[in-house]
Amino acid sequence: MKTLTVDLPGREYDILIERGLLNRAGELCRTVLPGAARLAVVTDSTVGPLYGERLCASLTAAGFDARPISIPAGEKSKSVRMLESLYDAFMDFGLTRTDGVVALGGGVVGDLAGFAAATILRGVPFIQIPTTLLAQVDSSVGGKVAVDLKAGKNLAGAFWQPRLVLMDPAVLGTLDDAAFADGMAEVIKYGCIRDASFLSWLEERPSRNEIIPHIEHVLYTCCDIKRSVVVEDERDTGLRMLLNFGHTLGHAYELAGNYELWTHGQAVAAGMVKAGELGVKLGITPPGLPERIGTLLACFGLPIEIPCTPEDYSAAIGLDKKGDGDMISLILLNEPGRAIPLRVEKSRVLGLLSEPAD
């Protein structure tokens, strides 16, 4: 078993990576929640039928009263309305502050269940069991939990660290190629911002079939990068901002597609290429690097360009949490494997985005 420890003061937790780990979830959850009687298992309409029964059986064998609570699959469920329905389900279950919430699913389930856990009864313990590549390498680690508002993505949220993160690479076998590619966008991001050798390693394995035999290495590398960043900057005020490479513009693409046309991974992929192009125009990013990133993303069927109106760009930049007043901190690459924040006037960014590509 591969183990990483997120060493936050008073809130230390482990990330465990091993094939077949889902079958041992009960005993592992019991080690971190020795006094809990009830676990609310939040899942969705896609993942629940695949893995919900197996997880609940393991939790029951460990002495928990486990109740599955399913939500419709998809970004639309990451809403205030669905959050309220979870609160009602938790209260109907009799959840107390000594019990807990388990998220079994992808990023939507983890974000929604985590925010519900952070706010019900002023906070109950929370365990992440991510089932998509994107959730395993990104959203399940670091404690960011949120729901979307009409104004934009992830605008109501909290920092609520899990007690444990369990990653079973075997569950990735049920992902279709599009969902796997979504996760690869975030995997490639880690190489871009923090590990040039990992980026080169990925370029030598530009397909799902070439990645899967090494998936534990991929999960460990990505989670180790994120762990090191979160430990240094839990609240996203400095170093952690680098994890948002491609996300500012990616949120514009998600908004342009009404959160239905483009997935998060697709939007981030195009956002990374566009951020690379902005970096070249600003004299920060070496020429040729955006094309290199785009070539790798395209190998996994990810888009390297998404149409977007100036209005959608403006809305996303105006709402971006890395901005204040007339300025925004763009995350740019100044070499492969090294990202930096650059304070730029929002009006200048919008002007550069309106220019035709070179």
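**View 1. The side chains of K78 and D111 meet in a polar contact of 2.9 Å.** A polar contact here is a pair of N or O atoms within 3.5 Å; within protein, one must be able to donate a hydrogen and the other to accept it, and residues adjacent in sequence count only if both atoms are side-chain atoms. This is a predicted model, in which local features need pLDDT of at least 70 and side-chain atom pairs count only at pLDDT 80 or more, while totals for chains, interfaces and linings use all residues. Residues are numbered from 1 along each chain as its sequence is written, and side-chain values use heavy atoms, with hydrogens and water left out. You will find K78 in the loop between β4 and α3. Helices (H or I, at least four residues) and strands (E, at least two) are DSSP runs, numbered from the N terminus. Is K78 buried or exposed? K78 is buried, because its relative accessible area is 3%; buried means under 20%, exposed over 50% and partly exposed in between (1.4 Å probe, protein chains only). Setting aside residues up to four places away in sequence, K78 touches V108, D111, L112, A146, V147, D148, K153 and N154, where contact means heavy atoms within 4.5 Å.

**View 2. K153 pairs with E254 through their side chains.** The polar contact that joins them spans 3.3 Å. K153 belongs to strand β8, residues 152–159. With a relative accessible area of 8%, K153 is buried. K153 is also among the residues that K78 touches.

**View 3. K76 sits in the loop between β4 (65–71) and α3 (80–93).** Which residues does K76 contact, leaving aside its neighbours within four places in sequence? They are N258 and E260. For a sense of distance, K76 and I340 are 264 residues apart in sequence and 32 Å apart in space, C-alpha to C-alpha.

**View 4. The largest cavity has a volume of about 70 Å³.** Of the 12 residues lining this cavity, G246, T248, A275, L330 and I331 are the closest to its centre. Two or more lining residues come from each of α10 (247–256), α11 (264–281) and β11 (327–335). The lining divides into five nonpolar, six polar and one charged residues. Ala, Val, Leu, Ile, Met, Phe, Trp, Tyr, Cys and Pro count as nonpolar, Asp, Glu, Lys and Arg as charged, and the others, Gly among them, as polar. On a 1 Å grid over the protein atoms alone, a cavity is a set of points where a 1.4 Å probe fits but cannot get out, and lining residues have an atom within 4 Å of a point. Grid points are joined across faces, edges and corners, and a volume is the space filled by probe spheres set on the points.

**View 5. The second largest cavity has a volume of about 40 Å³.** Its lining is made by L21, L22, I129, P130, T131, Q136, L166, M167, D168 and V171. Strands β6 (126–130) and β9 (164–167) each supply at least two of the lining residues. By class, seven are nonpolar, two polar and one charged. How many cavities of 30 Å³ or more does a search of the whole structure find? The search finds two.

**View 6. The whole chain has 14 helices and 12 strands.** Its C-alpha atoms fill a box of roughly 60 × 40 × 35 Å, taken along the principal axes. Of the 358 residues, 56% count as buried.

Methods: On a 1 Å grid over the protein atoms alone, a cavity is a set of points where a 1.4 Å probe fits but cannot get out, and a pocket is an open set with protein on both sides within 12 Å along at least five of seven lines; lining residues have an atom within 4 Å of a point.
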